[in-house]
Amino acid sequence: MNAVWSYLLAFAVWPGLLLAAPLGWLELWFMRKLVARLQGRRGPPVFQPFFDFMKLLGKRTVIPRGVNRGIFLALPLVSLGAVTAALAIVPLPGNPAPSLPGDVVLLLYLMEVPVLCEVLAGYVSRSIYGQVAAMREALLSLAYNLPFLAAIIAMAQEAGSFQMSALQAAPYSLVHPLAALTFLLALPARMKLNPFSIANAEHEIVADSHIEYSGPPLALFKLSHAVEVVLLTELFAVVFLPATPWPLLNLLVYLVAGIAVLGGVTLLATTTARLRLAQAFRFYWVWGGVASAVTMAATLVR
Amino acid sequence: MNLIERVVAISRRRSPWICRLNAGSCNGCDIEITPLLSPRYDAEQLGIELHGTPKHADIVLISGTLTLRSRQAILDIYDQVPSPKAVVALGSCPLSGNVFAGSPLVLGQSLDSLVPVDVWVPGCPPRPQAILDGIARAASLLEEGATRSQMESLLEGGQGRPS
């Protein structure tokens, strides 16, 4: 099997769309159910994210007057494509795609594309609420990317290579827990969860930057978010957890770790209220900066 | 009806997203919507989500007597909801004007003359159970393709499935 087919297989089946979408829906359901149980409610049934997706596929799309139709419809597709391509790079067990030198850089770039799409989606919508959400999203991404990028780059420095498989196989050291904590610091903001849900604050700015989206494009944005949740949790598991020689055990460990991370992040989201943008910004530049500096320093002392 | 259409139809019943519109209400009906989302009634177990924007909604809950100033807003917001959609009228006011009937500031007509209403939830204010039941009935109508806007588009299109 040549390389192109294995990349296509990785993009379309595993760890790409066909299997990541149900996994993402399951993880989203887990988060919603956990929030409901913590609030003393019953919570949605297990197929709820799937039903939401299918219902949105069957609805009509309303395109606001004066909005560029091509860009409006392309943004969710680009977002979903980029996040799936990023997931296809992650060396999960059974991933058929061969590892490239420097694919960490590609991964980090592809992970910024959905954020960019959300910002553009807010700006092209001609809605004031959408534009406020886009501005908040853009500013917040400047803040949370500091610890996020520092954690991954510190791991690359530790492994001595910008290759995902090298990061995965790096021998366990002091940098791992420090970088993992720095990564976890950035995770709630990347997932737009509660203390940092500033860009999708539904009580202040009605909805997030998808306010003017409806029907299938909105469904694709929701699917893109589901795949992004899988990507972030599995990236955490692959990079920061020690790999065992048995692929099936690895897969199990990664899935359990992903669920555990989601549980922790959801617990934080349920117990906290939303910060203001300036507070979140200061938090990431002060504490995220300290964590990044400590992590980078730990890669140097050896 | 093929398999995918069947799944989409079931999803319409299982995931009704609501958007509420206060057309001049005294807040009595609106305050009864809040308990739906709280632990006691928990509408999320039926897949009901409250959305701020009409573009994400399937079901519009309209409460309150219809005032002269809210008439155009009702029409605008109804038009922004992507079809298929359903309208649920909350309380006595949208039908008759209730105690506000005869005031020079309210329209002397029923909500039905502005937008096609699918479910009337009577009461002043209606109980939360009644509102939940109204939303569930509207969601079932959406599944069957039997809301009034779906039937109208079916008649206009002549044939084919309601969209």
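In chain A, A:P15 sits in the loop between α1 (3-12) and α2 (17-38), where helices (H or I, at least four residues) and strands (E, at least two) are DSSP runs numbered from the N terminus. A cis peptide bond, with omega about 0°, joins A:W14 to this A:P15. This is a predicted model, in which local features need pLDDT of at least 70 and side-chain atom pairs count only at pLDDT 80 or more, while totals for chains, interfaces and linings use all residues. Residues are numbered from 1 along each chain as its sequence is written, chains are lettered from A in the order in which they are written, and side-chain values use heavy atoms, with hydrogens and water left out.

**Backbone of chain B**
- A cis peptide bond also joins B:S83 and B:P84, with omega about 0°, and B:P84 belongs to the loop between α3 (70-80) and β4 (86-90) of chain B.
- B:N27, in the loop between β1 (17-22) and α2 (28-33) of chain B, has a positive phi near 80° although the residue is not glycine.

**Contact between the chains**
- The contact, meaning heavy atoms within 4.5 Å, takes 30 residues from chain A and 27 residues from chain B.
- Chain A and chain B bury about 2400 Å² between them, 55% of it on carbon and sulfur atoms, this being the accessible area (1.4 Å probe) lost on being put together, summed over both parts.
- In chain A, the residues that lose the most area to chain B are A:R41, A:K55 and A:K59, together 26% of what that side buries.

**Salt bridges**
- The rule, a side-chain nitrogen of Lys or Arg within 4 Å of a carboxyl oxygen of Asp or Glu, finds 7 salt bridges across the interface of chain A and chain B.
- A:K59 forms a salt bridge with B:D58, and their closest N and O atoms are 2.7 Å apart.

Conventions. Buried area = accessible area lost by both parts, 1.4 Å probe.
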